[in-house]
Amino acid sequence: PGGFYVGPPELFLWERLLSSARRTTDPSEADYFFVPALGQLAKWNEGMVFEGGKDMKKMAGTWGYWATVVHYIRNTWPFWDASNGADHLFVTM
């Protein structure tokens, strides 16, 4: 009550990915990028308005949450723009 829920499926997936022998910390070797943004958190934020950065308009709720996540990724790491995000995995449960 009063918080958001991270369910067993999300935790199981994260643990499996983090312990995988195929995991790499070198982005140039990666086939894909797992984005640890919680779909449950997007649902929990349904009533919120995200201000975004200087080049983002205000967006509400779920769309605002995901837009903010992508905006952060694009402005923090160069790998999104190499494939326009096609090799980035988002998991929502």
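**Exercise 1. Identify the salt bridge that the structure holds, and state how exposed its partners are.**

Solution. The structure holds one salt bridge, that is, a side-chain nitrogen of Lys or Arg within 4 Å of a carboxyl oxygen of Asp or Glu. This is a predicted model, in which local features need pLDDT of at least 70, side-chain atom pairs count only at pLDDT 80 or more, and totals for chains, interfaces and linings use all residues. Residues are numbered from 1 along each chain as its sequence is written, and side-chain values use heavy atoms, with hydrogens and water left out.

Step 1. The partners are Arg74 and Asp81, whose closest N and O atoms are 2.8 Å apart.

Step 2. Arg74 has a relative accessible area of 43% and Asp81 one of 45%. Both values fall in the partly exposed class (buried is under 20%, exposed over 50%, partly exposed in between; 1.4 Å probe, protein chains only).

**Exercise 2. Describe the surroundings of Asp87.**

Solution.

Step 1. Asp87 is situated in the loop between α4 (79-83) and β4 (88-90); helices (H or I, at least four residues) and strands (E, at least two) are DSSP runs, numbered from the N terminus.

Step 2. Asp87 is buried but has no salt bridge. Arg74, the nearest side chain of opposite charge, is 11 Å away (Lys and Arg count as positive, Asp and Glu as negative; His and the chain ends are not counted).

Step 3. Leaving aside residues up to four places away in sequence, Asp87 touches Asp31, Tyr32, Phe33 and Phe79 (contact means heavy atoms within 4.5 Å).
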